[in-house]
Amino acid sequence: MSGNPAVVMRLVASAYTVAEKAGAIVRRVLHSGELGIVEKTGANDLQTLADRLAQQSICASLSKRFPKITIIGEEELPAEEVTEDLIENGQAEEILQKSCPAEYSGLKEEELVVWVDPLDGTKEYTEGLLDNVTVLIGVAYGGKPIAGIINQPFYNYQLGAGASLGRTIWGMPGLGAFGFQLQEVQGDTRIVTTTRSHSNNVVTDCVAAMEPHEVVKVGGAGNKVIQLVEGRASAYVFASPGCKKWDTCAAEAILHAVGGKLTDMRGNPYRYDANVKHMNSAGVLATLRNHEYYVSRVPQSVLQALKSD
Ligand SMILES: Nc1ncnc2c1ncn2[C@@H]1O[C@H](COP(=O)(O)O)[C@@H](O)[C@H]1OP(=O)(O)O
Ligand SMILES: [Mg+2]
Ligand SMILES: [Mg+2]
Ligand SMILES: [Mg+2]
């Protein structure tokens with residue numbers, strides 16, 4: 001390692017510990033029993049105390065250390081002083097030890113955009129489907145995702161009391177992906193993962209058009225991308241608006257790091273510049289392999305129902 005790590009490596013090393021802290025907050029709020037649920041646009045668009053505190057913790061911790069970075073979080077929160085106990089100052093040593101891919105080594109703070117989903121899978125969190133929940137921190141440069149950190153606060157929760165809960169996955173295209181064992185669905189089996197709480201006829205028509213051997217309905221965008229990289233699904237298909245840039249940035253970076261793709265339903269990439277529209281209006285299609293097959297199966301009627309981004 002050089003004596004002075006690149007800005008982006010310092011950011012990822014901080015984001016790793018910040019995501020772990022956010023994961024601990026998400027667990028603590030659940031165990032307190034007081035979720036503080038607020039409906040945003042409706043019953044399937046919720047915010048809890050955990051979403052609020054985790055976002056405050058992530059944004060305040062990162063902007064304290066990297067004041068010139070643009071940070072965009074999902075939740076609209078009143079600007080107020082964040083209490084000291086929410087600030088995380090740590091950095092993951094093992095990330096600082098890695099050498100930065102040459103193309104990112106000269107990037108400056110002010111060129112980076114961080115997309116924060118403090119709690120992805122809020123609906124499932126309120127229903128006790130705890131392994132669907134993730135904390136997502138994505139880093140973009142020049143409109144492209146260049147690093148992603150995913151904390152899964154309740155990983156291992158089915159093992160019962162005494163199990164050590166939670167894990168953090170991270171990756172950078174050109175460097176690799178860490179914190180999990182990359183696996184693929186065996187053979188030509190098509191296992192499609194899709195929404196369980198934001199479905200409609202267009203969504204289900206599109207899944208059927210993929211001619212899946214199996215459909216896995218689980219919550220969360222981060223969780224569905226974990227299904228792809230751990231060999232439990234071959235494609236994530238969501239032919240609907242609803243996912244936003246903070247849902248996909250971190251996951252897309254990790255997918256790219258292992259040769260996968262995340263696009264809209266036409267196969268076009270999304271951009272993650274600071275000024276882009278937040279909604280992924282033309283849907284989400286993500287795969288580890290054979291992306292073109294899934295793009296080619298999307299019916300015209302589905303494309304007509306979705307606006308271009
Ligand atoms: N219609 C919607 N309204 C609000 N959030 C949505 C909608 N559709 C998708 N999302 C966001 O994308 C994630 C993945 O969607 P799904 O689980 O339906 O596949 C959801 O957990 C939610 O993120 P969040 O929980 O962070 O609000
Ligand atoms: Mg939400
Ligand atoms: Mg989300
Ligand atoms: Mg969220």
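Predicted model: local features only at pLDDT ≥ 70, side-chain atom pairs only at ≥ 80, totals over all residues.
Figure 1. The shell around ligand 1 holds 19 residues, each with a heavy atom within 4 Å of the ligand. Among them, Gly-121, Thr-195, His-198, Gly-220 and Lys-224 are the closest. Four shell residues are nonpolar, eight polar and seven charged; Ala, Val, Leu, Ile, Met, Phe, Trp, Tyr, Cys and Pro count as nonpolar, Asp, Glu, Lys and Arg as charged, and the others, Gly among them, as polar.

Figure 2. An N or O atom in the side chain of His-198 lies 2.5 Å from an oxygen atom of ligand 1. For Asp-117, a polar side-chain atom is 3.0 Å from a ligand oxygen atom. At Gly-242, a polar backbone atom is 3.4 Å from a nitrogen atom of ligand 1. The protein buries 90% of the 530 Å² that ligand 1 exposes when taken alone (Shrake-Rupley method, 1.4 Å probe).

**Figure 3. Ligand 1 in the largest pocket.** More than half of the ligand atoms lie within 2 Å of the pocket's grid points; a pocket is an open set on a 1 Å grid over the protein atoms alone, where a 1.4 Å probe fits, with protein on both sides within 12 Å along at least five of seven lines. β4 (112–120) and α6 (221–229) each give two or more residues to the shell, and β4 provides the largest share, three residues. Helices (H or I, at least four residues) and strands (E, at least two) are DSSP runs, numbered from the N terminus.

**Notes.** Residues are numbered from 1 along each chain as its sequence is written, and chains are lettered from A and ligands numbered from 1 in the order written. Local features need pLDDT of at least 70, side-chain atom pairs count only at pLDDT 80 or more, and totals for chains, interfaces and linings use all residues, while side-chain values use heavy atoms, without hydrogens and water.

Technical notes
Polar contact = N/O pair within 3.5 Å; in protein donor to acceptor, adjacent residues only side chain to side chain. 1 Å grid on protein atoms, 1.4 Å probe; cavity = no way out; pocket = protein on both sides within 12 Å on 5 of 7 lines; lining within 4 Å.
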